[in-house]
Amino acid sequence: MVKSFTLVEVVVALGILALSLVALLSLANSSQQRLGKARDTWTRMHMLSQGAEYYLLHNTEEPEHIGMDFFDYRGYDVSCRYEDAQGVPADFTDIVGQEPLRCCIIELIRTVDGQVVDSLRIDRVKYNVTESN
């Protein structure tokens, strides 16, 4: 006597297979979305770090605008401005001969709509640049 599967058993097996495939495709889709988000975050951080490198290598608080030869990302621009550092304890600001602490704010701007996509704040000492003859 040959044992065969009933229609109910076949339908249950196909249902389990279908649920497994749906779960697998859902997992693959969510991992694709996370990879895309991680790539976008990495790209933004890379653009900000490139802008920070450019602006922090200048010894002035008003460096010239970053050019396309150094920052070649279509659709994005980087700006830099300085503010007084916030939240610095008085023990660090009242030191005689201490240069003031400034905050360099580097912003990544989407050129299409002018929105700030991401920003980076770096505290640094304001050095007095003296020109030698």
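Biologist: Which side chain does Arg44 meet in a salt bridge?

Modeller: Asp118, at 3.4 Å, N to O. A salt bridge here is a side-chain nitrogen of Lys or Arg within 4 Å of a carboxyl oxygen of Asp or Glu. This is a predicted model, where local features need pLDDT of at least 70 and side-chain atom pairs count only at pLDDT 80 or more, while totals for chains, interfaces and linings use all residues. Residues are numbered from 1 along each chain as its sequence is written, and side-chain values use heavy atoms, with hydrogens and water left out.

Biologist: Where do Arg44 and Asp118 lie?

Modeller: Arg44 is in helix α1 and Asp118 is in strand β3 (residues 116-125), so the pair ties together parts that are 74 residues apart in sequence. Helices (H or I, at least four residues) and strands (E, at least two) are DSSP runs, numbered from the N terminus.

Biologist: How many salt bridges does the count come to?

Modeller: Seven. Among them, Asp72 meets Arg74 at 3.5 Å, N to O. Asp72 is partly exposed at 48%, whereas Arg74 is exposed at 66%.

Biologist: What does Arg110 form a salt bridge with?

Modeller: Asp113, with the closest N and O atoms 3.1 Å apart. Both ends are partly exposed: Arg110 has a relative accessible area of 32%, and Asp113 has 42%.

Biologist: Which residues are linked in a network of salt bridges?

Modeller: Arg81, Glu83, Glu107 and Arg121.

Biologist: Changing topic. Which residues make the nonpolar surface patch?

Modeller: Phe5, Val10, Leu14, Leu17, Leu21 and Leu24, giving about 630 Å². Patches take residues with over 30% relative accessible area and no salt bridge; like charges are joined within 9 Å, and nonpolar side chains (Val, Leu, Ile, Met, Phe, Trp, Tyr) within 5 Å. The areas come from the Shrake-Rupley method with a 1.4 Å probe, and for residues only the protein chains shown count as cover.

Biologist: Where is Val10?

Modeller: In helix α1 (residues 7-56). Val10 is partly exposed, at 37% relative accessibility.

Biologist: And Gln50, buried or exposed?

Modeller: Buried, at 18% relative accessibility. Gln50 also lies in helix α1.

Biologist: What does Gln50 touch?

Modeller: Phe70, Phe71 and Tyr73, leaving aside residues up to four places away in sequence. Contact means heavy atoms within 4.5 Å.

Notes
Buried < 20%, exposed > 50% of the residue type's maximum accessible area, 1.4 Å probe, protein only.
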